[in-house]
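Visitor: I would like to go through the terms used for this model and see what each one rests on. Please set every value against its cut-off.

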Amino acid sequence: MPAVKPKKALGQHFLTDLSVARRIADTVAGTDLPVLEIGPGMGVLTQFLLEAHPGNVTVVEIDTESVQYLKANFPALAGHIVEGDFLKFNLSTLFCGKPFCVIGNYPYNISSQIFFRILDYKDSIPLCSGMLQREVAERLAAAPGSRTRGILSVLLQAWYDVEYLFTVSEHVFNPPPKVKSGVIRMTRNSVTDLGCDNALFKTVVKTAFGQRRKTIRNSLKGLLPPGKQLPSDSPLPAMRPEQLSVQQFIELTNMVAAL
């Protein structure tokens, strides 16, 4: 079957460097859990995953042409190709509710949405890795104080240890993207309870970063009852969101809840 033509609408940039593909596959080496690959395309990463995890790899692909290519070229995937949109798929039905790993060369245009989705299944996904736009990869791993720190940095780091592993040149793709890529690995931490209201925690983080040039005191005003303000004896209200650690956002959430 002829090669799949990359589709701009799907954000497809097919990796052509096999050594890079193997390095990415190695980010889930050693696990005996089922592996779910998002957006396999023509299977450049899939081939190494099948080699390391025979019979334990499932792929989700939205592109019909890619699905046909995979069926024709990877008989080992028979019965393990899910055709559809990862963002709309009920992941709890894939492995009978058992834990699994996620990996992929994620489409740039929906990578943030993919990681918000992974958060929804954090208790089923102890390990997640893969490649995305370098700027986004750096943001996910950004430490407190980093200018690139954002909403997903905090929400993911509340539940995962996030590592930025290595950078990938734009010249090893067809077609070449306009930016470099970065590979990350996220390992589920031991947290089972944040110690605050989870829904309010998300709201506080999103609201704070929604007005990131303002101090916390000013950006969170809209979450407080009329006439109420954050405690003046705490240093947190005078800080900006990118300066705060996950634990400090938890403290902040409890301050808002108390008011």
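Visitor: What makes H7 and H9 roughly perpendicular to each other?

Guide: Helix H7 (residues 198–210) and helix H9 (residues 246–258) pack at an angle of about 105 degrees, with their axes 9 Å apart. Angles of 65 to 115 degrees count as roughly perpendicular, under 35 as roughly parallel, over 145 as roughly antiparallel and the rest as oblique. The two helices are therefore roughly perpendicular to each other. Axes here are lines fitted to C-alpha atoms, for helices over the stretch in contact, and angles run from 0 to 180 degrees between N-to-C directions. Helices (H or I, at least four residues) and strands (E, at least two) are DSSP runs, numbered from the N terminus.

Visitor: What is the basis of the model and of the numbering?

Guide: The model is predicted: local features need pLDDT of at least 70 and side-chain atom pairs count only at pLDDT 80 or more, while totals for chains, interfaces and linings use all residues. Residues are numbered from 1 along each chain as its sequence is written, and side-chain values use heavy atoms, with hydrogens and water left out.

Visitor: Which residues of H7 and H9 meet?

Guide: Contact means heavy atoms within 4.5 Å. From H7, the residues are Leu200, Phe201, Val204, Val205, Ala208 and Phe209. Their counterparts in H9 are Val246, Phe249, Ile250, Leu252, Thr253, Val256 and Ala257.

Visitor: Why is Leu259 called partly exposed?

Guide: Buried means under 20% relative accessible area, exposed over 50%, and partly exposed in between (1.4 Å probe, protein chains only). The value for Leu259 is 31%, so Leu259 counts as partly exposed.

Visitor: How do you know that the buried residues of H5 line one face of the helix?

Guide: In helix H5 (residues 134–141), the buried residues are Val136, Ala137 and Leu140. Seen down the axis of H5, they fall within an arc of 100 degrees, so they line one face. The arc is that of the directions from the helix axis to the C-beta atoms. These residues pack against helix H4 (111–120), strand E6 (127–133), helix H6 (151–157), strand E7 (160–168) and strand E9 (181–188).

Visitor: What makes Arg188 and Asp123 a salt bridge?

Guide: A salt bridge is a side-chain nitrogen of Lys or Arg within 4 Å of a carboxyl oxygen of Asp or Glu. For Arg188 and Asp123 the closest N and O atoms are 3.0 Å apart. Arg188 lies in strand E9 and Asp123 in the loop between H4 and E6, so the pair ties together parts that are 65 residues apart in sequence. Arg188 is buried at 17% relative accessible area, whereas Asp123, at 61%, counts as exposed. The structure holds six salt bridges.

Visitor: Where do Arg139 and Glu135 lie?

Guide: Both lie in helix H5, four residues apart, about one turn of the helix. Arg139, at 26%, is partly exposed, and Glu135, at 46%, counts as partly exposed.

Visitor: How far apart are the closest N and O atoms of Arg185 and Glu163?

Guide: They are 3.0 Å apart, and the two residues form a salt bridge. This pair links distant parts of the chain, with Arg185 in strand E9 and Glu163 in strand E7, 22 residues apart.

Visitor: What makes E4 and E7 the edge strands?

Guide: The open sheet of seven strands has the order E4-E3-E2-E5-E6-E9-E7, with mixed pairing. Strand E4 (81–83) and E7 each pair on one side only. Two strands pair if DSSP finds at least two bridges between them. Strand E3 (residues 57–61) and E4 pair in the parallel sense over three bridges, and E2 and E3 pair in the parallel sense over four.

Visitor: Why is Cys96 called exposed?

Guide: Its relative accessibility is 70%, so Cys96 counts as exposed. Cys96 is in the loop between E4 and E5.
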